[in-house]
Structures are given as structure tokens and as C-alpha cells.
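Let me look at it first and then jot down what I looked up.

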Amino acid sequence: MTEGNGTVTNGAPNQKSMTIIVTKGTLDWAYPPFILATTAAAMGVNTTMFFTFYGLPLLLKKLDLKISPLGNPAMKMPMMGMHMAMPNWVATIPGVDSGATGMMKDMIKKKGVASIDELRDMALEAEVKMIACQMTMDLFEYKKEDMIEGMTLGGAATYLEQALKSDVNLFV
Amino acid sequence: MADKTLDAKGLNCPLPILRTKKMLNEVPAGGTLEVLATDPGSVADMASFCRTTGNELMESTKDGDVFRFLIKHTA
């Protein structure tokens, strides 16, 4: 259970627990933490997610996730029966990011992959605890009322208290 | 016949597992849930899910492109 003041308490004494530090907020990098958190919760694991730096916008009420092929040579999209990476000079052209984002969202839909909105809803439903980094809120000037209900605010000590008694701690 | 059937065909990781967990809650203890999926990853995942949660994976079979799992709600 997460209490209003940001302190984290444990569930049943024998229950396994996991924490994930979420530092990236692009459409692609939002997947690993939410997939692992929802699945862990489904497997009976007491799960906590700590959103910091560029991961923090994943707690905004309205998600607007994008990807960029710029500086990402590993991003090879299936096209015309092969896999194509985009040269950096092409990726800098205006509109390329939104085009690539649109393509990715189409692929996600077509392949039966859940949207981040869906996974986040399922995580909340499964009582995954979501902690927003207070320092990042201040740094990037986010307001609590812009963030989803059900998240709490906390800092490094709040995270570490939970991490120290968890079985699995991940940094994404 | 299973007590309930979940059609998870066309869904990708982790949705078959998440839906399975959700539907297991609707199956009485000792009852069975049949899951149909097309995600090849669900074969290993369903076994791991059952081992970890203490539910019994009674059958894991394949018919064409469809994987069929029979789970006994024991946890």
C-alpha cells in the first residue's frame, strides 16, 4: 500500500516485491517498465515504479509519447520485406519523428501489442505503486494536478526504503 | 470442458498473461480455465506464470496456429 505521505509499506510478509526506476519516457522505452510491472503484479509481486527525469511524463494524465530515429542506429523498422535504419541526416528532417511515431503506433495496434495507456491503467488497477520524483517535478515544473491520480510523490529515500526490502530492483 | 474460456488470440505479450490472471479470479478454486492464444511467447510465459503463482498448468497444446492452455485454479 502507498500512503498519502509517500511512505511505502509492504504487503503480506512472504510476498515477493520488485521496484523499477523509470528514467525514459519515449514511446518505445515506456514499454519495458510497464510490461514488467503489470506482469509482476499479475504474478502476485508487490510492485513499485519510481518515475524520474524523462520517465516522469509517463505519469501525466494525457500521454503524448513519441519516438525518434535520430541517433538510434538499432531502430530498424520492417519495410518492404527488410529492415531499414534511418541515417541521422534524414532523421533531422522536420516531420520524420511524427512519421516514425505514427508508423510505430500502427505496428503496435496491428500486432496486438497493448498501448501504454492500457498498460498504465492495468498497472493502476493491479495496485502497482507509482511514485513521482519530487525533485524532477520541481526541476521541469510539473504540477501535481497534471499527473494521474493514484501516484504519490517521493524522493530517493522513499525509493530506497522500498528497494532495500525488495527481491528485484530494476533501472530502465 | 473448462469452467471458463479466454480468447487471447491476436494479443501480444504481456496481454495473454494479464487477461489470464484477470479471468482466473472469476474461476472458482479448483475450477479450470481454458486459454486460447496465438502468441508463441505465451507457451513459455504461461508455464512460468503458473509455476510462480501456484496454479496448475494441466495442458499446453497446439492446434494449427493456436496455442491452448488448460489451467486449474489452485492458488
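**Ground rules.** I am working with a predicted model, where local features need pLDDT of at least 70, side-chain atom pairs count only at pLDDT 80 or more, and totals for chains, interfaces and linings use all residues. Residues are numbered from 1 along each chain as its sequence is written, while chains are lettered from A and ligands numbered from 1 in the order in which they are written.

**Chain A overall.** I found six helices and seven strands in chain A; helices (H or I, at least four residues) and strands (E, at least two) are DSSP runs, numbered from the N terminus. The order from the N terminus is β-α-β-β-β-α-α-α-β-α-β-α-β. I boxed the C-alpha atoms along the principal axes and got roughly 55 × 35 × 25 Å. Of the 172 residues in chain A, 33% are buried (20 or more other C-beta atoms within 10 Å of the residue's own, with C-beta atoms placed from the backbone).

In the model, the span is 33% helix and 22% strand, and its end C-alpha atoms lie 15 Å apart.

**Helix 4.** Which residues are buried in helix 4 of chain A? I noted Leu119(A), Arg120(A), Met122(A) and Ala123(A), within residues 116-125. Down the helix axis, the buried residues of helix 4 of chain A fall within an arc of 160 degrees, so they line one face; the arc is taken from the directions from the axis to the C-beta atoms. Just after helix 4, Glu127(A) has a positive phi of about 65 degrees.

Terms used: A residue is buried if 20 or more other C-beta atoms lie within 10 Å of its own, exposed if 12 or fewer, and partly exposed in between; C-beta atoms are placed from the backbone.
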